[in-house]
Amino acid sequence: MTRLLTVENLSVALPRGADRPHAVEEVSLHLDAGEILCVVGESGSGKSITANTVMGLLPKGLPVTSGRITFEGEDLLGLSAEALRSRRGRRMAMVFQEPMTALNPLMKVGDQIAEALSVHGKGAEARARVPELLAAVNLPDPAAIARMHPFRLSGGQRQRVMIAMALALEPALLIADEPTTALDVTTQAQILRMMREIQQRRGMGVMFITHDFGVVAEIADRVAVMQRGRIVEQGTAREVLDAPQHPYTRALISAVPHGRTLDRAAARPAPVLQMKGVTKTYQRGGWFGARAVVRAVHDADFTLNKGETLGLVGESGSGKSTLARCVVRLVEPEQGEILFHGNDLRPLSRQGWLPYRKRIQMVFQDPYASLNPRRKVGDAITEGPITHGVGRDEARQRALELLRLVKLEPSAMERYPHEFSGGQRQRIGLARALAMQPELLIADEPVSALDVSVQAQVLDLLAEIRQRLGLTMLFITHDLRVAAQICDRIAVMQRGAIVELGPTAEVFGAPKHPYTRSLLDSIPGRGWTPPELAETA
Amino acid sequence: MELSRFPAYLAGRLVKAAVVVLAIVVCNFFLIHAAPGDPASIIAGQSGSADARFLEQLRAQFGLDQPLYMQLWLYLKGVLTLDLGFSHRQQASVAALLWDRLPATLLLTGAAFLFAIAIGVTMGALAARRVGTWSDSVITVLALTFYATPLFWVGLMLVLLFSVTLEWLPSFGMMSVGVELSRIGRVLDIGKHLLLPALTLGLFYVAVYARLTRATMLEVADQDFVKTARAKGVPEGRILRRHVLRNAMLPVITFAGIQAGQLIGGSILVETVFAWPGIGRLAFEALLARDYQVLMGVFFCTSVMVVLFNLITDLLYAVVDPRVEVS
């Protein structure tokens, strides 16, 4: 094995006034040719900064204060900007997290790949190489794809284009910064498989940045765990995954949703919510253009019983959020019955809906966007009850109790949302929903935007509250492990329809529908069962 | 956009444009007739005899005694055949008057437009590239000064400097009168006359384009695909040209479409200050003289221009931005 990349005692400063003096501190790691090193950590741990330092892509405000980066025998930090540029793309390449924004929207994807070749003096080969490269990342009809603009491609296809572009000059080092995080689970599985295969075929060294231990288990040879700018643990994948030493690694791994299903008595059939024949279609066009019709939800009947948690599981575009939004009338379906305690909500007028508003509440995915930044947390929580006629003092009293319930300080009442972290904001969102004392709580991907350790806290909190208040819950998620952990029953959605519905253990243990099976097969690291760890090392 | 779908798209847009123009014509008609004052009495007054019979005769002659809807119908029929009526004050058909003045206005506004875009975008791109340095500050201050100064004042000051003090450039008119010039000499002569009014008309928009280009370029420069380009080793200059500037041009095109329409209206002031024989001055004179037919003609002409420029903008957008779906 040849040593490809060595990072020694690297420190990168943060601008004055940040929460810590260094973005990364005393980081040392190495990567051999033909090896995949996973750098794992939560958001803000400095893993992306490390990768960008290697590529020479750090923003101006973040200077390297000490350390050495040796790549193919050269000291990268000592190279001129031009020398570094000539190595970028040619000897070392990078793939980013967001395939939707990482490609120039105005350039054909073929031209973007050709540009990578031509800026390194290989423009003449572009005509022949571009289709070859697109074929190498398993894109169908490469010649046609090369002529397309990015907006015509799906997220997965765009990420393949990004990888093709990164591979264009056969670099020795590929840095992949969360390349599959924004993708659906089945697409993620395909991309991971493909990356592994290409890496082995070409003997590339890959530095793979991720926050997901499932992905680590899937792809890593070695693992480096980062926390607050430092590497706290480093070793082979087996060592780190199965016998983690550092308390932080242990905490992270024990926070991974384990996917073991709960063994709970089935809820007695006391329907709170019944969906019958609900259909929602979206149309586009008219007047002069052709009409395009998308059936967002159809054939999605289910019954939700009192005290039960039903998981709606599916990939993006499967209609799970649309279905949930139909229940609270954020989306108006054109057909079907939405029976809440036997009363059909769909034909109700705005006025007729009012009494139900407080009985059905929703928690949203994005904790940053779902709270009004100009309103104090206390006001956000009490606003609903006060508009429904609860006295101001009583509402504040209740808000204080709720803050205690979601494990926040009473002082949070007088603070603004931006003063809280993502996990805390999601708890505020939960308190806000609970302030209405709802019977039915709809949680739309409530933990998807959160780091894994925070995710575990919020999930525990949800389970506890559900138990305590006897809530009925509709839980929407794309993450099968999360669904397994919290749901009594699971409904799997595909292209607007529920294709399989049953008790969680059954759906996971003996899936009947082929789509459910492919979803389960795609869970990264399904061969790895997180070890049972004691609380402290 | 795929070329095969272009004709259908164009046809659809043309139909929409025609409907809009028609609606504008109807609106103009009612607006003019809502204004107080009777053209017949003005003409009568100017011709010196204002007895009731003469007025009656005039009204009948211009169709002013007909009910309003008939007048509208007659006017619409005229517009469709490009007969925009007859100006009794100028003793010429409105269409001929407009046709006479249109080239001068198009020359002035076109020159101002190109000047504004070329200089504005260049200044904005320079400022964005050197953001935070003194050249950025100088450009920003210049742009703001242009932006905040009234058009006519700029025009008068330019005349004072270049025509009165330095005597480099003529201060009014479109060409020198009473001199024999060769063809090239004539072109140069018009060019010299054009310089000051075009500069005056364009400066304000230079500021707008500079600010807009700078802001969008800085915004685009932060986007992921620029980082992608950097990661594949594209040199900075090429990143700026091919990735940043191209994407930053989209809002500029949108604004250019709006400006192109506004320029013709805005040229009224500049044409008056510089005695430029264009549509703007025609409108100004017609307004003072209550020459309804000419005013309606000018409105018609400018609204067609606005709709036309909007159409061109949309088509340009569809060509530049592949995401504009033809639907």
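This is a predicted model: local features need pLDDT of at least 70, side-chain atom pairs count only at pLDDT 80 or more; totals for chains, interfaces and linings use all residues.
**Getting to know chains A and B**

User: Over residues 294-320 of chain B, how far apart are the end C-alpha atoms?
Analyst: Residues are numbered from 1 along each chain as its sequence is written, while chains are lettered from A and ligands numbered from 1 in the order in which they are written. Helices (H or I, at least four residues) and strands (E, at least two) are DSSP runs, numbered from the N terminus. Residues 294-320 of chain B are 100% helix and 0% strand, and the distance between their end C-alpha atoms is 38 Å.

User: Which residues of chain B does UniProt list for "transmembrane region"?
Analyst: That label comes from an unreviewed UniProt entry. UniProt positions use the numbering used here, feature names are shortened, and annotations may be inferred rather than shown by experiment. One of the listed stretches, 106-126 of chain B, is 100% helix and 0% strand, with its end C-alpha atoms 30 Å apart.

User: What pattern does chain B follow along the sequence?
Analyst: Chain B has 12 helices and 2 strands. Its C-alpha atoms fill a box of roughly 85 × 55 × 40 Å along the principal axes. Going along the sequence, the pattern of chain B is α-α-α-α-β-β-α-α-α-α-α-α-α-α.

User: At roughly what angle do the axes of helix H11 and helix H12 of chain B cross?
Analyst: The contact is made by Ile279(B), Leu282(B), Ala283(B), Ala286(B) and Leu287(B) of H11(B), with Val294(B), Leu295(B), Val298(B) and Cys301(B) on the H12(B) side. Axes here are lines fitted to C-alpha atoms, for helices over the stretch in contact, and angles run from 0 to 180 degrees between N-to-C directions. The axes of H11 (residues 279-288) and H12 (residues 292-320) of chain B come within 9 Å and cross at roughly 145 degrees.

User: How many nonpolar residues are in the contact of H11(B) with H12(B)?
Analyst: For the classes, Ala, Val, Leu, Ile, Met, Phe, Trp, Tyr, Cys and Pro count as nonpolar, Asp, Glu, Lys and Arg as charged, and the others, Gly among them, as polar. This contact has no polar and no charged residues, and its nonpolar count is 9.

User: Which residues of chain A does the annotation "domain: ABC transporter" cover?
Analyst: This one also comes from an unreviewed UniProt entry. Residues 5-253 of chain A are 37% helix and 25% strand, with 27 Å between the end C-alpha atoms. The annotation covers residues 5-253 and 273-520 of chain A.

User: Why is chain A as compact as a globular protein of that length?
Analyst: Chain A comes to 19 helices and 21 strands. The radius of gyration is taken over C-alpha atoms, and the globule rule is 2.2 Å times the number of residues to the power 0.38. For 537 residues that rule gives 24 Å, so chain A is as compact as a globular protein of that length because its radius of gyration is close to that value, at 25 Å.

User: Which elements give two or more residues to the side of chain A that touches chain B?
Analyst: Two residues are in contact if their C-beta atoms, placed from the backbone, lie within 7 Å. By that count, 29 residues of chain A are in contact with 19 residues of chain B. The chain A side divides into 15 nonpolar, 8 polar and 6 charged residues. The elements giving two or more residues to it are, in chain A, helix H2 (81-87), strand E6 (92-95) and helix H3 (109-118).

User: Is Met473(A) buried or exposed?
Analyst: Met473(A) lies in strand E19 (residues 472-477) of chain A, and touches Thr309(A), Leu441(A), Ala443(A) and Arg466(A), leaving out residues up to four places away in sequence. A residue is buried if 20 or more other C-beta atoms lie within 10 Å of its own, exposed if 12 or fewer, and partly exposed in between, with C-beta atoms placed from the backbone. Met473(A) has 24 C-beta neighbours inside 10 Å, so it counts as buried.

User: What is the phi of Glu170(A), about how many degrees?
Analyst: Most residues other than glycine have a negative phi. Glu170(A) sits in the loop between helix H6 (155-167) and strand E7 (173-177) of chain A, and is exposed, with 10 other C-beta atoms within 10 Å. Though not a glycine, Glu170(A) has a positive phi of about 50 degrees.
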